[in-house]
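Here is a short briefing on one protein chain. Look at the model first, then work through the points below.

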Amino acid sequence: MFQNKIKFWCNPFFVLFACSLIVLVSHGIRHSFGLFMLPITSDLSWGRAELSVALATQTLLIGLVAPFAGALAAHWGVARTIALGGAVFALGILIMSQATAPTAMFASAGLMVGLGLGACGLPLILTIVSQVAPAEKRSIWVGITTACATGGQLLLLPLSQTLISSYDWVFALFGLSILSGMIVPLSMSMSAAVKA
C-alpha cells in the first residue's frame, strides 16, 4: 500500500516549487548588483568603470555559458549542473564581498558570477519544469517559473538595499552569498525526479 506513494521530493509540485525558488533567488540577486555600485566605488575609492566592466562581463558570460551548460547537463545531469552553477554563483558573491582590488572584483563579480548564473539560469530550470509538468499545464508551469524572476526582483532588491543601508555592502553581499547557496541543495533535491 505504501510502496506506491511518491516521495515528496519526486512530486512534480515540489519540483515546480524548487525551480521557482531557484529562479527567484538567482534573478533577484543578479538584478540587485546595481545597488552596490555607489557603496563599493565610494568605499574602495574606485571609479565606476571597474565595477561596470565586471558587471558587463557577467552579463556577457551568462549568455555565452548557457549553451555549454546545456551540453554539460546532457552528459552530467541537469540537477547536478544547476547545483554546480549555484555553487560557483554563491562562491563568486562571497569573494566579491571580500574584494579590495579591481582584479578580484572582475574575477568574482564578472567571471565567477557570470559562469554560475549561466549554469543555473532560466534555460536549464525551464528544461526541468517542462519535463515534469503535466502536458496540459506545461505552459502555465513555465509561466509561473518565469514570473518568479520578476518576483525575485520585487523581493530581493528591497532586501539588498535594507542590508546595505543598515549594515554595509560587505555584509549585504555576504548575506546574499548565503542565500544563493540555497540553490545547491534545492537543485540536488530534484535529481531523483529529473530523468536527465
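In which hand, left or right, does α1 cross α8? The crossing of α1 past α8 is left-handed. Keep in mind that this is a predicted model. The briefing starts with the whole chain and then takes two helix pairs in turn.

**The chain as a whole**

- The chain holds 9 helices and 0 strands.
- Read from the N terminus, its elements go α-α-α-α-α-α-α-α-α.
- The C-alpha trace spans about 65 × 35 × 25 Å along the principal axes of the chain.

**Confidence**

- The average pLDDT of the chain is 90.
- A score of at least 70 is reached by 93% of the residues.
- Among the elements, α8 has the highest mean pLDDT, at 96.
- The lowest mean, 89, belongs to helix α6, residues 122–132.
- Where pLDDT is low, predicted coordinates should not be read in detail.

**How to describe a helix pair**

- Two packed helices are described by the angle between their axes and the distance between those axes.

**Helices α1 and α8**

- Helix α1 covers residues 12–32, and helix α8 covers residues 169–180.
- Their axes come within 10 Å and cross at roughly 160°.
- Angles over 145 degrees count as roughly antiparallel, so α1 is roughly antiparallel to α8.
- On the α1 side, the contact uses V25, I29 and S32.
- On the α8 side, L176, L179 and S180 meet them.
- By class, the contact of α1 with α8 has 4 nonpolar residues, 2 polar residues and no charged ones.

**Helices α2 and α3**

- Helix α2 (residues 37–44) packs with helix α3 (residues 48–76) at an angle of about 135°.
- The axes of α2 and α3 lie 9 Å apart.
- Because of that angle, α2 is oblique to α3.
- α2 passes α3 in a right-handed crossing.
- Which residues make the contact between α2 and α3? From α2 come M37, L38, I40 and T41, and from α3 come R48, L51 and S52.
- By class, the contact of α2 with α3 has 4 nonpolar, 2 polar and 1 charged residues.

Methods. Residues are numbered from 1 along each chain as its sequence is written. This is a predicted model: local features need pLDDT of at least 70, side-chain atom pairs count only at pLDDT 80 or more; totals for chains, interfaces and linings use all residues. Side-chain values use heavy atoms; hydrogens and water are left out. Axes are lines fitted to C-alpha atoms, for helices over the stretch in contact, and angles run from 0 to 180 degrees between N-to-C directions. Helices (H or I, at least four residues) and strands (E, at least two) are DSSP runs, numbered from the N terminus. Angles under 35 degrees count as roughly parallel, over 145 as roughly antiparallel, 65 to 115 as roughly perpendicular and the rest as oblique. A crossing is left-handed if the near helix is turned anticlockwise from the far one by less than a right angle, and right-handed if clockwise. Contact means heavy atoms within 4.5 Å. Ala, Val, Leu, Ile, Met, Phe, Trp, Tyr, Cys and Pro count as nonpolar, Asp, Glu, Lys and Arg as charged, and the others, Gly among them, as polar. pLDDT is the predictor's confidence in each residue, from 0 to 100.
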